[in-house]
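Let's take a walk through this model together, starting with a helix and moving on to a few loops. Have the sequence and the 3D view at hand.

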Amino acid sequence: MTSIICYLDFMSPQASLAFERLPGLLRGLSYSVRYKPVLLGSGLQQQELLRLAVACDEAGMPNRYVCGAIFNHVLTCGDEALSAARLAALKAQLAPVQDVAGEHVKQQLTAHTAEAIEIGVAFVPGFVVDGQVVGSLDALTLLQR
């Protein structure tokens, strides 16, 4: 089974498109996908969405449902996606297992970002397939090989 790590930011239209296309590209193939939110290019306010995603898993790697819910939240709420009321509703829906504002979540997010930078992921979405960085939305077709 081939391992894929997908580094993403929920405010990135490219990451959203890649997230939606990924299942179709991998249909019928033997892959495991892990998602890691990162701070590449994120503004301070947008970090709340990244921390929420990280907080939804003890290891800081949200599942596809969590990532999909956050991408959907951004797409349907538009400019209001970061409002306190909308974020509270999303948080209630996702029921994080860690404290979103807690130090451990911040450390996990920082670690994901440092890891991505260290291996050469410079933008989102970034993919690492069996240790090889394959990059952006345009690189998704490489995942089929």
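In this predicted model, the buried residues of α3 pack against β1 (2-8), α1 (13-26), β2 (31-37), α2 (47-55) and α4. Those buried residues are Val-66, Cys-67, Gly-68, Ala-69, Ile-70, Phe-71, His-73, Val-74 and Cys-77. The helix itself covers residues 64-77, 14 residues in total, and spans 20 Å from its first C-alpha to its last, close to the 20 Å expected at 1.5 Å a residue.

Now look at the ends of α3. Just after the helix comes Gly-78, whose phi is positive, at about 55°.

Next, turn to the loop between α4 (84-94) and α5 (103-119), where Gln-98 sits. Gln-98 counts as buried because its relative accessibility is 11%, below the 20% cut-off. A polar atom of its side chain lies 2.7 Å from the backbone oxygen of Asp-57. Among the residues that Gln-98 touches are Val-54, Glu-58, Gly-60, His-104 and Gln-108.

Ala-95 is in the loop between α4 and α5 too, but this residue counts as exposed, at 51% relative accessibility. Its backbone deserves a look: most residues other than glycine have a negative phi, yet phi of Ala-95 is near 45°. Asp-130, in the loop between β3 and β4 (132-133), also has a positive phi, about 45°, and counts as exposed at 53% relative accessibility.

Finally, find Pro-125 in the loop between α5 and β3 (126-129). Most peptide bonds are trans, but the one joining Val-124 and Pro-125 is cis, with omega about -5°.

Methods:
Residues numbered from 1 in each chain as written. Predicted model: local features only at pLDDT ≥ 70, side-chain atom pairs only at ≥ 80, totals over all residues. Heavy atoms only, no water. Helix = DSSP H or I, 4+ residues; strand = E, 2+ residues; numbered from the N terminus. Buried < 20%, exposed > 50% of the residue type's maximum accessible area, 1.4 Å probe, protein only. Polar contact = N/O pair within 3.5 Å; in protein donor to acceptor, adjacent residues only side chain to side chain. Contact = heavy atoms within 4.5 Å. Expected span 1.5 Å × (residues − 1). Lists of a residue's contacts leave out its neighbours within four places in sequence.
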